[in-house]
Amino acid sequence: MLWRRNLLAPLAALALVLSASAGAGAAAGPTPVGAPTVAAAGDFDAPGPYATAVEVGAITTLYYPRDIASSDRRHPVIVWGNGTNGIPLVYRDLLLHWASQGFIVAAANTPQSNLGISMRAGIDMLTRRNADPGSIFLDHVDLEHIGASGHSQGGAAAIVVGADPRIDTILPIQPGPLANINAVQVPALLLAGEKDSIVFPFLVKAFYDAADHIPALYGELRGADHFTVVGDPGPFAAPTTAWFRAHLMGDRTARAQFFGPGCGICTDTTTYSDVRRNSMALNVTATP
């Protein structure tokens, strides 16, 4: 399909550049990443309080709080799907940002993620490691709070995986068209780019329009093209972090960004060129 062909060359080239600059950080085994500063409450695009680490496996790359073995809590999970011919390294900054906020990100390594098989495999793997006495993840994975996200083809995969009963919310970023949101039974935030010429905003709006059976929001990032989220995620960092903190961590400040009469993104015309909430989302209160 045209949108897949158009995505191939830029992502492949960027992956090579990032691989060269990553060096040993892309090797198998946990790789420490520098400790971030603590973000102020509600400053969702700032790094979170956790130093992070990366573990590259055969099927899944994990981004997680570095000291998870000594953590006093269980950490929610985000499963991730790449754009066509992309790899997790392409989205490293966004995935590390989520890990710094306290999430375990299970990013499928596959460059063809649409079926969501490898994303589900990430949940299965974390389920096993959460029960493994020899694992640093023992009893530290919050398997009751799992979100699904991805970009482009991976955004479509997030919708596909959203039908899995283990998923609590989905956040497709500029999702490709090969998915059926009618099977999803959890809240959805669908993000588009105003200047996206590969996955046009009207394609993302079509998913939003079809999602009349669940609380659904549509956010169109002003000036964003299809590759704005790649590398430095820019304007995508704050809403994605807030959405997952609201739905997987019970963060009330984050929840107020999307629900209730004071909906934060609804009045942020600097960041968004279009924001929509369906009738079910309008009935969700800012305080659970």
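Which residues does Thr60 touch, not counting residues up to four places away in sequence? Thr60 touches Glu55, Ala106, Ala107, Asn109, Ser118, Gly122 and Met125, where contact means heavy atoms within 4.5 Å. The views below start from there.

This is a predicted model, in which local features need pLDDT of at least 70 and side-chain atom pairs count only at pLDDT 80 or more, while totals for chains, interfaces and linings use all residues. Residues are numbered from 1 along each chain as its sequence is written, and side-chain values use heavy atoms, with hydrogens and water left out.

**View 1**
Thr60 sits in strand E3, and Ser118 belongs to helix H3; helices (H or I, at least four residues) and strands (E, at least two) are DSSP runs, numbered from the N terminus. With a relative accessible area of 7%, Thr60 is buried; that label means under 20% relative accessible area, against over 50% for exposed and partly exposed in between (1.4 Å probe, protein chains only). Ser118 counts as buried too, at 19% relative accessibility. Setting aside neighbours within four places in sequence, Ser118 is in contact with Ile59, Thr60, Ala108 and Thr110.

H3 runs over residues 117-130, so to speak 14 residues in all, and reaches 20 Å from its first C-alpha to its last, close to the 20 Å expected at 1.5 Å a residue. That expected span is 1.5 Å times one less than the number of residues. Buried in H3 are Ser118, Met119, Gly122, Ile123, Met125, Leu126 and Asn130. They cover an arc of only 165° around the axis, so they lie on the same side of H3; the arc is that of the directions from the helix axis to the C-beta atoms. On the other side, Ile117 and Arg128 are exposed. As for what covers the buried residues, the list includes strands E3 (60-65), E4 (75-81), E5 (104-108) and E6 (141-151), plus helix H4 (153-161).

**View 1. Met119 and its surroundings.**
Met119 is another residue of helix H3, and with a relative accessible area of 1% it is buried. Leaving out neighbours within four places in sequence, its contacts are Val79, Trp80, Gly81, Ala108, Ala148, Ser149, Ala157, Ala158 and Val161. Take Trp80: its C-alpha and that of Met119 are separated by 6.4 Å, although the two residues are 39 apart along the chain.

E5 is mostly covered, with 5 of its 5 residues buried. In a regular strand the side chains alternate between the two faces of the sheet. Here both faces are covered: Ile104, Ala106 and Ala108 are buried on one side, Val105 and Ala107 on the other. E3 pairs with E5 in the antiparallel sense over 4 bridges, and Thr60 stands opposite Ala108. E4 pairs with E5 in the parallel sense, also over 4 bridges, with Val79 opposite Ala106. Strands count as paired if DSSP finds at least two bridges between them.

**View 2. The crossover through helix H2.**
E4, H2 and E5 make a right-handed β-α-β unit; right-handed means that, with the strands pointing away from the viewer, the path from the first strand over the helix to the second runs clockwise. H2 is largely enclosed by the rest of the structure, because 7 of its 9 residues are buried. Those are Leu94, Leu95, Leu96, His97, Trp98, Ala99 and Ser100. After H2 comes Gly102, whose phi is positive, near 110°.

**View 6**
A search of the whole structure turns up 10 aromatic pairs. Rings of Phe, Tyr and Trp (its six-membered ring) pair if their centres lie within 6.5 Å, and planes under 30 degrees apart count as stacked, over 60 as edge-to-face and the rest as tilted. Phe103 and Phe244 have ring centres 6.3 Å apart and planes at 65°, so the pair is edge-to-face. This pair links distant parts of the chain, 141 residues apart: Phe103 in the loop between helix H2 (92-100) and E5, and Phe244 in helix H6 (residues 237-248). Phe103 is buried at 0% relative accessibility, and Phe244 is buried with a relative accessible area of 0%. Trp243 and Phe258 also pair edge-to-face, at 5.0 Å centre to centre and 85° between the planes. Both Trp243 and Phe258 are buried. Finally, ring pairs link Trp80, Tyr91, Trp98, Phe103 and Phe244 into a cluster.
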